[in-house]
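Trainee: Could we go through this model together and check each label against its definition?
Mentor: Gladly, have a look first.

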Amino acid sequence: MPSETEIANIAMQLIGEQPITSLDEDSDRARLAKAYFRGAVDRVLAAHSWTWAKKRTLLAEATETPAFGYSYQYLLPADCLRIWSLAKGGVDLGVSQKWEREGDYILTNVSAPLQAVFSCRRTSYARLDQYLADVMGASLALAVAQSTEGSNTGVERMQVTYERFLAIGKTNDQLWQNQSSEADKSGFEREMGF
C-alpha cells in the first residue's frame, strides 16, 4: 500500500530528482511535493470515478431553500470532490430532472432524499491500488514541473506522461467495475430482460 512519501517519490522519479524520505524533510524537493500534493491528488480523484475514492450517500434537504429557480437545495458532503450521479428512488436525475451545483449545494426541484455517488477526498492511502498511486505521482510531477520548469518542454513532457498514466489507470480501474451495457449482452439476455 503506497504512502504519501511513495507517491511523492513517483513524482521525483518522473522529474529526474532524488527520492525524499518524507514530505516533512528539510529539502526543496520535499517542500514542493508537500505544497502541491493535496491539489495534485484531488485533481486525479475528480478526473474519474475511481473505485477507491467512490462513495455513496443520501443527501438531506437543507433548511433554507433557493431564492428562486429551484425548490430544494442539498448540502454537499465535506469530502466531496465531484458528483458522478444523483438519483431519487434509483432513477437518475440526469435523465429526468435538472440539477446543478451552486457553491456547496446541489439545487434541484426534486424532494429529499437524494442518492449521491461521488468521488471523495481521502486522507488515508490504505488499500490504494498501485496504478492509482502512479497516476497521483504523475499529477504531482506535472504540478511541480509547472512551478519550476524554465521551458515548456519539461511541462509538456510531464503532461504527456500524466495523460498516459491516467489512461492506464482508468483502464485498470475499469477491471474493478462490473458494468455491462446493452451492447455487451447477447440476444438471449436482451430478450429475457437480463
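Trainee: Which residue stands opposite Val-91 in strand 4?
Mentor: Lys-88 does. A quick word on the basis: this is a predicted model, where local features need pLDDT of at least 70, side-chain atom pairs count only at pLDDT 80 or more, and totals for chains, interfaces and linings use all residues. Residues are numbered from 1 along each chain as its sequence is written, and side-chain values use heavy atoms, with hydrogens and water left out.

Trainee: How do you know that strand 3 (residues 80–88) and strand 4 pair?
Mentor: Pairing asks for at least two bridges found by DSSP between two strands, and strands are E runs of at least two residues, helices H or I runs of at least four, numbered from the N terminus. Strands 3 and 4 have two bridges, in the antiparallel sense, so they pair.

Trainee: What makes strand 1 and strand 4 edge strands?
Mentor: The open sheet runs in the order 1-7-3-4. Strand 1 (54–59) and strand 4 (91–92) each have a single partner strand, so one side of each is left without a neighbour in the sheet.

Trainee: Why is helix 1 called roughly perpendicular to helix 2?
Mentor: The label covers angles of 65 to 115 degrees (under 35 is roughly parallel, over 145 roughly antiparallel, the rest oblique). The axes of helix 1 (residues 4–14) and helix 2 (residues 28–47) cross at roughly 110° and come within 10 Å, so helix 1 is roughly perpendicular to helix 2.

Trainee: Which residues of helix 1 make the contact?
Mentor: Glu-4, Ile-7, Ala-8 and Met-12, where contact means heavy atoms within 4.5 Å. Helix 2 brings Arg-29, Ala-33, Phe-37 and Arg-38.

Technical notes:
Axes fitted to C-alpha atoms, helices over the stretch in contact; angles between N-to-C directions.
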